[in-house]
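The following paragraphs lead the reader through a structure from its local pairings to the meeting of its chains. Please keep the sequence and the three-dimensional view at hand while reading.

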Amino acid sequence: MISLNWVKDYIDIKDENLKDLAVKITKAGVNVEAVIEKRIDHLVIGEVVQCEKHPDSDHLNICQVNVGEEIVQIVCGASNVRKGIKVIVALPGAILPGNFEIKKGKIRGCESNGMICALFELGLEEKTEETYSKGIEEVPHNIPVGSDANEYLKTDDTLYELDVHKHRNNDCYYHIGFAYEIACILNKKVTLPKDDFKEIEKNIKDFIDIKVKTDKCPYYTAKMVSDIEIKESPEFIKQRLIAAGMRPINNVVDISNYVMLEYGQPLHFFDYDKLGRHVLVRDAKEKEEIITLDGNKRTLRSTDIVITDGKKPVCIAGVMGGENTEVDENTKTIFIESAIFDAVRIRYTANHLDLKSEASIRYGKGLNFEYTDAALRRACHLLQKYANAKVYSGTLCHDKVDKTKKVVTFKTEEVSQLLGLHLTDNDVKTELKRLDFPFEVKNQTFQVTIPRRRLDIDPNVNDIAEEIGRLYGYHNLVSTLPKVETRRGVYVGDVKLRKEISRRLRTLGLNEVKTYTLISPEMANHFVYEQKKSISLPNPMSVDKSIIRSTLLPSLVQVYEYNKARNIKDILLYEISKTYDSKYQEDSKVAMLMKGNYIINEWQGITTKCDFYCMKGIVENLLDYLGFKNRYTFEKEKISDLHPGMCAKILLDHEEVGIMGRIHPSYVKEEVYVCELSMKKLYEKQIKPLKFKETSKYPSMIKDVAFLVDNEIQSDIIKEKIKKLGGRLLESVEVFDLYENIEPGKKSIAYKLTFQDNNRTLEDSEVLDIFHKIIQGIEATGMAKLRDK
Amino acid sequence: MKEKVNQLQKEIEEKLKLCQSKKEVNELKTYYLGKKGPINDLSLMLRELNNEEKREFGKTLNELKQRIISLIEERLTYYEEKELNEKLEKETIDITLPSTKIPIGSPNILEHIIEEVEEVFMSMGYDVVDGPELEEDKYNFELLNIPKGHPARDAQDTFYIEDETILLRSQTSPVQARTMLQAGGDKPIRMICPGKTYRRDADDATHSHQFMQIEGLLVDKNISLSDLKGTFDVIAKKLFGENSKTRFRPSYYQFTEPSVETDISCFACKGEGCSLCKQTGWITVSGAGMVHPNVLRNCGYDPEIWTGFAFGFGAERLAMLKYGIDDIRTFYQTDLREIKAFDRKEG
């Protein structure tokens with residue numbers, strides 16, 4: 001929150017329309033999310049000239065209030081309302097916080113033309129029992145009746161709510177930094193606040209010494225003040241702290257916060273009498289304890305930084321002070337710390353202690369030592385002015401800061417090239433002057449020194465180009481297209497295969513789903529068919545998303561359940577996603593799920609049920625499409641979570657590439673079929689280029705034969721034998737009929753044999769010869785008998 | 001003789017007119033053209049004539065015969081057509097009855113938008129590249145100018161598998177780093193890398209711990225921010241309509257400098273202001289910028305020679321904007337009735 005009244009201390013913006021200014025600032029890169037006008041219209045100072053009890057109420061009063069030009073009747077319920085006091089009156093038309101509009105009306109039958117306000121009703125104090133019982137605000141008698149109450153309340157302020165991108169927080173999170181931002185946008189100069197003070201003869205060095213025994217505190221500087229008077233802060237400090245969202249406490253605490261909001265540098269005040277004669281900054285010891293200002297006992301880690309009195313911790317550096325050295329109403333002498341701590345360490349400490357404070361946020365973003373010094377002086381100045389502090393001479397300082405200046409050397413055309421703008425040297429000079437970046441130009445080469453307040457800028461031409469670009473305005477960019485080679489992009493690596501599989505499965509009627517990679521341990525227990533271990537997250541957000549899946553099937557089952565619960569009957573799904581195992585091996589899996597009917601026309605009674613063979617058909621079609629025709633087989637297999645009699649592994653070139661089957665009824669009761677293929681394995685296989693094959697111009701001959709076999713015999717075994725026996729002229733063998741249990745334990749399988757030659761018409765006799773040879777050959781194996789016609 | 005012939009012709013013509021069906025015509029045909037029919041009777045009379053008369057009468061008789069055959073055939077065809085038409089009429093079906101549902105699958109909504117974006121970029125010469133989701137810290141952060149301890153890491157609250165080494169990628173940018181390293185620092189690059197990313201966000205209507213980014217990268221010589229602007233103009237027109245405009249606003253990302261946020265003119269209200277664009281007329285669709293020299297250097301490209309731009313879209317956000325979806329969980333729960341609508345081409 002930035003108070004524009006406050007910013008006005010450092011830059012002249014009295015003639016600016018603050019809403020327009022917010023737009024300009026946003027365009028230049030610092031987002032002003034909201035412009036909040038603190039001012040409330042129709043708010044005047046009034047004087048209660050008459051006050052009588054309401055006839056129908058014991059706590060309401062009917063007041064006649066002089067608001068300057070007239071006397072109005074207002075019904076007021078506050079206990080402290082009485083004749084003769086001056087008050088704040090919200091007249092009809094005023095809109096109070098919470099979008100509460102004051103209107104003329106009647107309260108228990110009595111006309112009321114406004115509202116006499118308490119501070120909490122104006123949003124200037126929190127609504128607590130205390131502020132409520134305090135009642136309406138009583139205005140001092142010297143404030144003229146009828147005058148604008150906003151002047152008295154100092155609510156004539158406008159606030160900007162900022163959404164500052166990470167790198168800009170450093171310089172836009174405090175009022176002086178924000179003033180610099182406005183300065184470069186409006187091309188104006190910033191005036192820094194006064195920081196002079198008188199020093200007494202006593203020197204801090206005779207009272208205390210500091211030692212820093214950690215490299216995580218590059219800068220530590222301190223001064224001492226005594227004889228402070230602790231009291232309420234002056235009105236402007238209180239108002240500004242409230243505007244910035246902080247609660248005023250007393251002049252000393254408020255000054256430390258005030259300076260932080262000016263310079264972005266957090267300060268810490270120690271009660272010297274509690275602290276003693278030594279300060280030692282060091283890394284905390286593991287499990288070291290401290291009670292912080294909020295009364296909580298904190299257990300520290302060795303990565304935390306502590307301020308100690310030489311023995312015990314008195315402050316968690318950058319995060320929160322200790323109770324043992326806290327400034328209280330009896331404090332007389334203060335040791336003021338202004339320091340820089342390692343930003344990463346502070347963030348880490350604030351995180352593990354869950355203690356994010358205004359201070360820790362600022363330390364966590366990094367600070368610049370020039371402002372560390374300035375803030376210390378400013379605090380002394382304010383303490384002298386508003387707490388009558390006597391400032392000891394001398395300053396303690398531990399200084400290990402790298403003071404190398406950040407310098408960038410570049411030519412205008414480098415900036416022009418990056419932005420695609422045609423800038424002149426003068427354009428660049430203008431923008432650098434606006435930015436208040438000191439520079440020199442020699443032989444058309446710029447040498448720019450980055451001011452320390454801009455911690456976000458790295459010394460390279462891109463950073464300079466960004467600063468110039470955002471001020472020059474991106475609306476000035478002309479659209480061009482990169483001058484590059486003309487070509488069409490391609491799918492690289494297995495992306496192409498993924499797309500091909502995906503499109504084919506859609507063509508085959510399966511719907512693509514996307515599910516979460518992270519699953520629950522319960523889900524991960526299912527379909528463990530590859531003997532692979534899954535990865536468990538060390539710090540999951542919740543148990544149901546704690547494991548990186550190694551198969552997609554449990555997720556598809558979840559989608560099936562979701563749709564089933566929504567009364568969807570026919571569910572055909574697929575997903576292609578990466579999976580990982582505990583050895584970090586990646587495999588993209590192609591998973592499918594089918595349930596219900598494949599082809600449906602209910603009123604005609606046409607349905608093709610999704611069953612094992614339907615799923616098998618999808619798989620075969622996919623593998624054929626991918627160029628693997630005649631290279632794959634299905635082998636019976638027992639797989640966990642699949643129906644023991646209805647599941648298979650899928651082999652390609654004799655290597656297992658996937659599994660399929662019906663889900664075990666004890667897992668999913670309904671008839672649901674699934675398949676999962678390893679895309680990685682499919683990707684590794686080579687396929688032949690596509691070639692035309694002419695069909696024979698000569699007629700084919702078809703012979704049917706049925707064999708009686710044991711129920712356990714798989715049709716493929718006979719088929720393979722027939723193929724072998726049939727030789728070159730047997731073009732194909734297909735099962736076309738099946739009778740199960742035709743006699744106990746036996747089934748009949750009928751095969752259609754197609755004979756053909758590419759170069760001639762076959763003779764009946766030669767086909768019959770082969771056909772008989774096949775029958776004899778099959779019977780000779782002893783596993784099948786020719787079925788009697 | 002001639003008279004008899006004429007009389008017969010008249011008689012047949014009369015009778016044909018009286019025929020009511022194919023059957024009656026056939027009966028007529030059997031009677032008149034049959035062996036015992038009147039025409040045959042007349043031809044028997046030929047024997048009693050001399051040669052000249054024979055030839056003349058024979059010709060007449062033949063003409064009669066042909067004429068009658070033709071008349072009968074005509075009539076038969078008429079009735080055949082009539083009967084067929086009647087039969088077909090009886091076969092009339094209710095064409096309003098439901099069709100047979102041909103199984104055809106739909107893409108996931110995210111895939112739908114991703115394929116559209118891919119097509120636009122591929123037409124502009126960008127390859128589509130994939131990379132691991134289980135990623136090394138080096139690629140996800142360090143090479144991208146986000147060293148350990150950098151505040152940008154806090155914002156991308158990451159799923160670490162092993163402390164500060166192995167993680168679930170929090171962005172798809174590591175694919176860019178990998179692509180640059182693989183290219184070896186001496187070849188231009190144009191690529192996009194749509195893919196899944198993960199951050200520790202609690203799932204609700206607008207947050208998802210898993211989401212998809214479509215990031216892209218172009219590295220070449222003399223590339224400028226204006227080129228990025230021009231590229232975005234093309235993308236916006238192709239994805240959101242020919243009248244789309246774009247604008248850049250300054251922004252910040254660790255791996256680009258200068259960085260911009262890209263807005264497109266609101267396609268719902270054509271820039272006039274509506275609830276979709278929160279009355280601004282603009283919708284933020286992408287973060288982008290010139291590749292940071294540190295990133296180029298880290299990935300083997302000399303920033304003195306090479307420049308480039310990078311950009312990123314959120315696939316969910318694009319789809320939510322484009323198709324009017326208000327809950328991000330829609331993409332990951334998959335109600336089949338909802339995704340069915342996406343089996344069609346873009347309008």
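Which residue in S28(A) does Val441(A) stand opposite? The residue facing Val441(A) is Phe446(A). Before going further, note that this is a predicted model, in which local features need pLDDT of at least 70, side-chain atom pairs count only at pLDDT 80 or more, and totals for chains, interfaces and linings use all residues. Residues are numbered from 1 along each chain as its sequence is written, while chains are lettered from A and ligands numbered from 1 in the order in which they are written.

Helices (H or I, at least four residues) and strands (E, at least two) are DSSP runs, numbered from the N terminus; two strands pair if DSSP finds at least two bridges between them. In chain A, these strands form part of an open sheet of 3 strands, with the order S26-S28-S27 and antiparallel pairing. Strand S26 (407-411) and strand S27 (439-442) of chain A stand at the edges, and each has a single partner strand, so one side of each lacks a neighbour in the sheet. On average, and with direction ignored, neighbouring strands of this sheet are turned by 20° against each other. Here axes are lines fitted to C-alpha atoms, for helices over the stretch in contact, and angles run from 0 to 180 degrees between N-to-C directions.

Two helix pairs of chain A come next. Helix H14 (residues 425-435) and helix H15 (residues 461-472) of chain A pack at an angle of about 95°, and their axes are 10 Å apart. That angle makes H14(A) roughly perpendicular to H15(A), since angles under 35 degrees count as roughly parallel, over 145 as roughly antiparallel, 65 to 115 as roughly perpendicular and the rest as oblique. From H14(A), the contact involves Val428(A), Glu431(A), Arg434(A) and Leu435(A), and from H15(A), Glu467(A), Ile468(A), Leu471(A) and Tyr472(A). Two residues are in contact if their C-beta atoms, placed from the backbone, lie within 7 Å. The contact of H14(A) with H15(A) comprises 5 nonpolar, no polar and 3 charged residues. In this classification Ala, Val, Leu, Ile, Met, Phe, Trp, Tyr, Cys and Pro count as nonpolar, Asp, Glu, Lys and Arg as charged, and the others, Gly among them, as polar.

In the second pair, helix H21 (residues 715-726) and helix H22 (residues 764-780) of chain A pack at about 135°, with axes 9 Å apart. H21(A) is therefore oblique to H22(A). Their contact has 6 nonpolar, 2 polar and 2 charged residues. Ile718(A), Lys721(A), Ile722(A), Leu725(A) and Gly726(A) of H21(A) meet Ile770(A), Lys773(A), Ile774(A), Gly777(A) and Ile778(A) of H22(A).

Some residues of chain A deserve attention for their backbone angles. Asp227(A), a residue other than glycine, has a positive phi near 60° and is placed in the loop between strand S15 (219-226) and helix H7 (235-243) of chain A. Asp227(A) counts as exposed because it has 12 C-beta neighbours inside 10 Å; a residue is buried if 20 or more other C-beta atoms lie within 10 Å of its own, exposed if 12 or fewer, and partly exposed in between, with C-beta atoms placed from the backbone. Asn741(A), also not a glycine, has a positive phi of about 50° and is placed in strand S42 (residues 730-743) of chain A. With 10 C-beta neighbours inside 10 Å, Asn741(A) counts as exposed.

In chain B, strand S5 (residues 189-198) is mostly covered, with 9 of its 10 residues buried. S5(B) pairs in the antiparallel sense with strand S6 (residues 210-220) of chain B over 10 bridges, and Ile189(B) stands opposite Val219(B) in S6(B). Strand S1 (residues 127-128) of chain B pairs with S5(B) in the parallel sense over 2 bridges; there, Met191(B) of S5(B) is the bridge partner of Asp127(B). Elsewhere in chain B, a cis peptide bond with omega of about -5° joins Glu257(B) and Pro258(B), and Pro258(B) lies in strand S8 (residues 256-265) of chain B.

Finally, the two chains meet: 73 residues of chain B are in contact with 75 residues of chain A. On the side of chain B that touches chain A, helix H9 (residues 225-240) of chain B gives the most, with 7 residues. By class, that side of chain B has 36 nonpolar, 19 polar and 18 charged residues.
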